[in-house]
Amino acid sequence: MHGEYKVPGGKLVVVDLTNQDGVLRDVRVAGDFFLEPDEAITAIDEALEGAPADTDAAGLATRIEAMLPEGTVMYGITAEGVAVAVRRALARATDWTDYDWQLIHEGPQSPALHMALDEVLTAEVAAGRRPPTLRVWEWGAPAVIIGSFQSLRNEVDPEGAARHGVTVVRRISGGGAMFVEAGNTITYSLSVPSSLVSGLSFADSYAYLDEWVLDALGDMGIKAWYQPLNDIATDVGKIAGAAQKRMVGPDGGPGAILHHVTMSYDIDADKMLDVLRIGKEKMSDKGTRSARKRVDPLRRQTGLPREAVIDRMVRSFRDRYGLAAGGVTGEELARAEELAATKFSSTEWTARVP
């Protein structure tokens, strides 16, 4: 069995092992990390050798830490990272490069249709009828997207939304509200097989699925990092938030994960505060009390047009994992349009948590 895991902010850890009658055997740990003294790598292998195969990641990390020589220095590697690589090997997790990724980047669409496309495309990946997909959104109207479990009246000021022509929709994933306008945010979705994050905890899956965009931002000169549970941050504050929804496959099969992210390119904070009820408190915490304030971390830090930032992100993904141009099929679009009309535009769904 073979497992790989890139430690967030660190290096790649690779584990090869066999599972003999429920016990780990022939364990070999490798990677591009740094480790002193040399015998520490042997100590890690020995710590894992003979461990019960059902030991969770925390238990494996404890075994490793107990065996490390005194004064061991680990750079780019952690005991927890090795443990996760072991769990991924045992779960027969797949890797980004195991797939033929498809890119969908089409013209502006309504907020309700975007919600529906996320559901339909991820269900298609879960059923094995669509390859793993990166979809970049373009917005046909300003919107507030509330999380699946948020209270509509607690999150949105209806008078402010009406005043600014903002559509309110509810997505299928959890998390907080997002305020978006065409040209001022960058939103994308990953629809991936569940096996890509096999062996990872819920929290670790966020960091793992965000790693590529952190690298892409780094290529543009932005030092960004994953901030648990679901934020991407820089030294000027949060620049993006992620959310996930997990779907089972047909007949209860492994299924797929929807992981979508909205990034702040150049947001009108005053308008956002007029539409979101809790935005006033959140923004005051960030020192943005003054009027006419804009939240523009990506525009300011890159100096690039929004379209150029998207192009560089897509190029970075393609260079790392491969990415072929694709599109929404006619059947997928028809199903999404029906869902947009019957579910995501309905009061029953949008106000399901009043």
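Start by selecting E119 and K343: they form a salt bridge (a side-chain nitrogen of Lys or Arg within 4 Å of a carboxyl oxygen of Asp or Glu), with the closest N and O atoms 2.9 Å apart. The two sit 224 residues apart, E119 in helix α4 (residues 111–126) and K343 in helix α12 (residues 330–344). Helices here are DSSP runs of H or I with at least four residues, strands are E runs of at least two, and both are numbered from the N terminus. E119 is buried at 18% relative accessible area; buried means under 20%, exposed over 50%, and partly exposed in between, using a 1.4 Å probe and protein chains only.

A word on what you're looking at: this is a predicted model, where local features need pLDDT of at least 70, side-chain atom pairs count only at pLDDT 80 or more, and totals for chains, interfaces and linings use all residues. Residues are numbered from 1 along each chain as its sequence is written, and side-chain values use heavy atoms, leaving out hydrogens and water.

Next, pick K271 and E181, whose side chains meet in a salt bridge at 2.8 Å, N to O. K271 is in helix α8, while E181 is in the loop between β10 (178–180) and β11 (185–193), 90 residues away in the chain. K271 is partly exposed at 22%, but E181 is buried at 13%.

Now jump to R299 and D266, another salt bridge, at 3.2 Å from N to O. R299 lies in helix α10 (residues 297–302) and D266 in the loop between β15 (256–264) and β16 (267–268), so the pair ties together parts 33 residues apart in sequence.
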